[in-house]
Amino acid sequence: MDYYVNTQAQANGDHEVHTAECSYLPHRANRVLLGDFANCSAAISEARKYYTSVNGCYYCANACHTS
C-alpha cells in the first residue's frame, strides 16, 4: 500500500503518515509519497528520514498512532 507524509505539521509538531486511501489524506500540495510499504511501521521509518516528529494517522495507520 502507498503511504504519504503530511508536509504540514499538526499543532503538536507531528507530521502524520497516511495511506493512499485515507479519507484524511492531505491535499496533494501538502503531502509527499513515501512509497509502497507492507505496514505503517515501515512507512514511519521512511518518514523519519524527512521529519524527526512523525506519527501515524489515527484513522488509517492506527497501529502507528502514538499521540
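Q: Where is N55 placed?
A: N55 sits in strand β4, residues 54-56; strands here are DSSP runs of E with at least two residues, and helices are runs of H or I with at least four, both numbered from the N terminus. This is a predicted model, in which local features need pLDDT of at least 70, side-chain atom pairs count only at pLDDT 80 or more, and totals for chains, interfaces and linings use all residues. Residues are numbered from 1 along each chain as its sequence is written, and side-chain values use heavy atoms, leaving out hydrogens and water.

Q: Why does N55 count as buried?
A: Its relative accessibility is 1%, and buried means under 20% relative accessible area (exposed is over 50%, partly exposed in between; 1.4 Å probe, protein chains only). N55 is therefore buried.

Q: What makes the link between the side chains of N55 and D14 a polar contact?
A: The distance is 3.4 Å, and a polar contact is a pair of N or O atoms within 3.5 Å, where within protein one must be able to donate a hydrogen and the other to accept it, and residues adjacent in sequence count only if both atoms are side-chain atoms.

Q: Why are β3 and β4 called edge strands?
A: The open sheet has four strands in the order β3-β1-β2-β4, with mixed pairing. β3 (31-36) and β4 each pair on one side only, where pairing requires at least two DSSP bridges between two strands.

Q: How do you know that β1 and β2 pair?
A: Strand β1 (residues 2-6) and strand β2 (residues 15-19) share three bridges in the antiparallel sense, and at least two are required.
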